[in-house]
Amino acid sequence: MNRIVGSHDLLLVTLDTLRYDVAAELAAEGRIPNLARHLPGGAWELRHAPGSFTYASHQAIFAGFLPTPASPGPHPRLFAASFAGSETTADGTYVFHETPDLVSALAHEGYRTVCVGGVGFFNGRPPLGAVLPGLFQESHWEPSFGVASPTSFESQVERAEEVVAALPRDRRLFLFVNVSALHQPNWFHQPGASREAGDSRATHAAALEYVDRHIGRLFAAMSSRRDCFAVVCSDHGTAYGDDGFTGHRLGHESVWNVPYAQFVLPGPDSMENAA
């Protein structure tokens with residue numbers, strides 16, 4: 001990451017509450033083509049969530065603890081705060097020494113840090129909802145970005161496009177997007193579903209297909225100026241009656257197993273050189 005930070009724009013997308021099994025099934029069935037074309041080998045990597053609900057997981061992620069590969073480690077991390085004795089800080093790890101979190105470290109490197117929030121922990125309304133967006137130099141949230149909006153991701157992408165367009169071309173950007181569409185309620189993303197029938201594993205899958213239909217615009221905006229290094233993952237999963245469990249903030253494989261991918265979106269110069 002030491003060659004990436006400072007040369008690339010950076011994109012971190014958390015698909016809030018997305019389960020690994022649903023993400024893997026949809027990729028294998030060709031139902032999320034716009035995401036799948038960027039996944040290494042066309043498949044999500046299985047990882048373990050750093051927390052079981054949004055606030056805990058994002059505090060860990062912003063401290064450098066992205067979801068952990070689901071195999072015995074130690075596993076080198078992409079980003080890490082300077083911390084004596086860390087066994088997951090390797091030669092390629094981008095280490096921040098002067099700040100406690102990745103967001104402020106990137107700001108120190110000259111990046112414009114921008115948050116486009118989704119679920120309530122990013123709405124800035126109660127004090128708790130201002131903690132995570134407060135890490136960024138610039139944060140955006142509107143009701144149309146939230147969990148109750150059937151068009152939340154389209155609204156978030158539109159705002160992201162505006163952020164990119166307004167930034168001077170020579171200024172590097174770290175954009176974080178918390179995608180709320182997967183979170184309950186999500187029944188409205190499945191044709192024929194009803195509020196009375198409620199949310200299900202099937203409506204969760206339909207919400208991911210909805211995100212897939214629009215995520216190409218986000219990738220295009222973020223790679224419109226230069227190469228962009230992207231991490232797309234879930235912060236935690238959610239249970240839909242699995243073994244009697246519903247929701248998250250609990251210890252069940254439907255919650256701790258999450259999909260993860262990292263890849264580079266080539267910018268105009270890379271595309272021209274490849275032509």
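Predicted model: local features only at pLDDT ≥ 70, side-chain atom pairs only at ≥ 80, totals over all residues.
R19, D21, E25, R201 and D242 are joined in a network of salt bridges. Across the whole structure, a search finds 13 salt bridges.

**Salt bridges**

- Side chains of opposite charge can pair when their charged atoms come close.
- E161 forms a salt bridge with R217, with the closest N and O atoms 2.8 Å apart.
- Because E161 lies in helix α6 and R217 in helix α7, the pair ties together parts that are 56 residues apart in sequence.
- E161 is partly exposed, at a relative accessible area of 28%, and R217 is also partly exposed, at 34%.
- E162 forms a salt bridge with R159, the closest N and O atoms lying 3.2 Å apart.
- E162 and R159 are 3 residues apart in helix α6, so about one helical turn separates them.
- The two partners fall into separate accessibility classes: E162 is partly exposed, with a relative accessible area of 40%, whereas R159 is buried, with a relative accessible area of 18%.

**Packing of α6 and α7**

- Two packed helices are described by the angle between their axes and the distance between the axes.
- For α6 and α7, the angle is about 5 degrees and the axes are 9 Å apart.
- Angles under 35 degrees count as roughly parallel, and α6 and α7 are therefore roughly parallel to each other.
- On the α6 side, the residues that meet α7 are S152, F153, E154, V157, E158, A160, E161 and V164.
- On the α7 side, the residues are Y210, V211, H214, I215, R217, L218, A221 and M222.
- Sorted by class, this contact comprises 10 nonpolar, 2 polar and 4 charged residues.
- E161 and R217, which form a salt bridge, are both among the residues of this contact.

**Nonpolar cores**

- The largest nonpolar core has 43 residues, of which L11, L15, W44, L175, V179, V211 and L218 touch the most other members.
- Two or more residues of this core come from each of β1 (9-15), α1 (20-28), β6 (112-116), α6 (152-166), β8 (173-179), α7 (201-222), β9 (228-233) and β12 (257-265).
- Helix α7 gives the most to this core, with 10 residues.
- Apart from this core lies another, of 29 residues, including M1, L78, V119 and F136.
- When neighbours within four places in sequence are left aside, V179 is in contact with V13, T14, L15, D16, F153, Q156 and V211.

- T17 is found in the loop between β1 and α1.
- T17 is buried, with a relative accessible area of 0%.
- Leaving aside neighbours within four places in sequence, T17 is in contact with L182, H183, H204, S234, D235, H236, G237, T238 and H248.

Conventions: Residues numbered from 1 in each chain as written. Heavy atoms only, no water. Core = buried A, V, L, I, M, F, W, Y, C linked by side-chain atoms within 4.5 Å. Buried < 20%, exposed > 50% of the residue type's maximum accessible area, 1.4 Å probe, protein only. Helix = DSSP H or I, 4+ residues; strand = E, 2+ residues; numbered from the N terminus. Contact = heavy atoms within 4.5 Å. Axes fitted to C-alpha atoms, helices over the stretch in contact; angles between N-to-C directions. Parallel < 35°, antiparallel > 145°, perpendicular 65-115°, else oblique. Nonpolar A, V, L, I, M, F, W, Y, C, P; charged D, E, K, R; others polar. Salt bridge = Lys/Arg side-chain N within 4 Å of Asp/Glu carboxyl O.
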